Amino acid sequence: MPAFRPSALLLILLPLALPLTVCGQTATVAAPTDQPLTVTGTDAERSLREFDKLITPAVKQARRTLPAAKKRFLAGLPAGQAFYLTTRIFDADGKYEQVFIRVQEWTGATARGLISNELNLVQQYQTGQSISFPESAVLDWTITTPDGREEGNFVGKFIDSLQN
């Protein structure tokens, strides 16, 4: 079996990158600028497993710092800042997309917010739709500021570093 090479996986995944379009944003809130990845084709499950292995350190960092980010959100962010969680949504047929959810409410271990990027594969959801999901499904978090800076976004920054 050939050794897994991150650069080979990127050659497969990067052409499938989908542009991020954020809906319902005011002009004062800058949204994450990542390009979510979609894995398709006959080797999709294997590619997803390899991709998940590749991003594991970034996901661990995001989850380790999530309690402090959650505390900040619950205390109230300054005007113009927005809080996003990254998770995956799935159709009944198994298709999925990794999405940004602009968090509106976080009660206990359940977050609720709006799907904030354009969906290209999953048909059972729509951009702008309100969804709830367990904290255990969070892959990453991002706080954006009006001037375009962001905190968190460990997975997105890791993927960006591989593209450079």
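Predicted model: local features only at pLDDT ≥ 70, side-chain atom pairs only at ≥ 80, totals over all residues.
Let me begin with Trp106, which counts as buried at 6% relative accessibility; buried here means under 20% relative accessible area, exposed over 50%, and partly exposed in between, with a 1.4 Å probe and protein chains only. Residues are numbered from 1 along each chain as its sequence is written, and side-chain values use heavy atoms, with hydrogens and water left out.

I turn to the sheet. How many strands does the open sheet have, and in what order? There are 6, ordered β4-β3-β2-β1-β5-β6, and the pairing is antiparallel. Strands are DSSP runs of E with at least two residues, helices are runs of H or I with at least four, and both are numbered from the N terminus. Two strands pair if DSSP finds at least two bridges between them. The edges are held by β4 (130–134) and β6 (150–152); each has a single partner strand, so one side of each is left without a neighbour in the sheet. From one strand to the next, the twist averages 40 degrees. For such angles, axes are lines fitted to C-alpha atoms, for helices over the stretch in contact, and values run from 0 to 180 degrees between N-to-C directions.

Next, the individual pairings. Strand β1 (residues 82–90) pairs with β2 in the antiparallel sense over 7 bridges, and Thr87 has Val99 in β2 as its bridge partner. These two strands form a hairpin with 5 residues between them, and Gly94 in the turn has a positive phi of about 95 degrees. Strand β2 (residues 96–107) is in turn joined to β3 (residues 110–115) by 6 bridges, again antiparallel. Here Glu105 is partnered by Arg112 in β3, and Arg102 by Leu114 in β3. The β2–β3 hairpin has 2 residues between its strands, with a positive phi of about 60 degrees at Gly108 in the turn.

Ser116 is placed in the loop between β3 and β4 and is buried, with a relative accessible area of 1%. Its C-alpha atom is separated by 5.5 Å from that of Phe100, 16 residues apart along the chain.

Now the aromatic residues. Rings of Phe, Tyr and Trp (its six-membered ring) pair if their centres lie within 6.5 Å; planes under 30 degrees apart count as stacked, over 60 as edge-to-face and the rest as tilted. By this rule the count comes to 7 aromatic pairs. In one of them, the rings of Phe83 and Trp106 have centres 5.8 Å apart and planes at 40 degrees, so the pair is tilted. Phe83 lies in strand β1 and Trp106 in strand β2, so this pair ties together parts that are 23 residues apart in sequence. Phe83 is buried, at 1% relative accessible area.

What is the arrangement of Trp141 and Phe154? Their ring centres are 5.8 Å apart and their planes stand at 75 degrees, so the pair is edge-to-face. Trp141 belongs to strand β5 and Phe154 to helix α3, so the pair ties together parts 13 residues apart in sequence. Trp141 is buried at 6% relative accessible area, and Phe154 is buried at 17%. Ring pairs link Phe73, Phe83, Trp106, Trp141 and Phe154 into a cluster.

Helix α3 (residues 154–163) lies across β2, β5 (140–144) and β6, running at about 95 degrees to β5; contact means heavy atoms within 4.5 Å. In the loop between β6 and α3 sits Asn153, which has a positive phi of about 55 degrees although it is not a glycine. Asn153 counts as buried at 1% relative accessibility.

I close with the core. A nonpolar core is a set of buried Ala, Val, Leu, Ile, Met, Phe, Trp, Tyr and Cys residues joined through side-chain atoms within 4.5 Å. The largest has 28 residues, of which Phe83, Leu85, Ile89, Trp106, Phe133 and Trp141 touch the most other members. The helix α2 (44–75) is among the elements that give two or more residues to this core, and α2 gives the most, with 8 residues.
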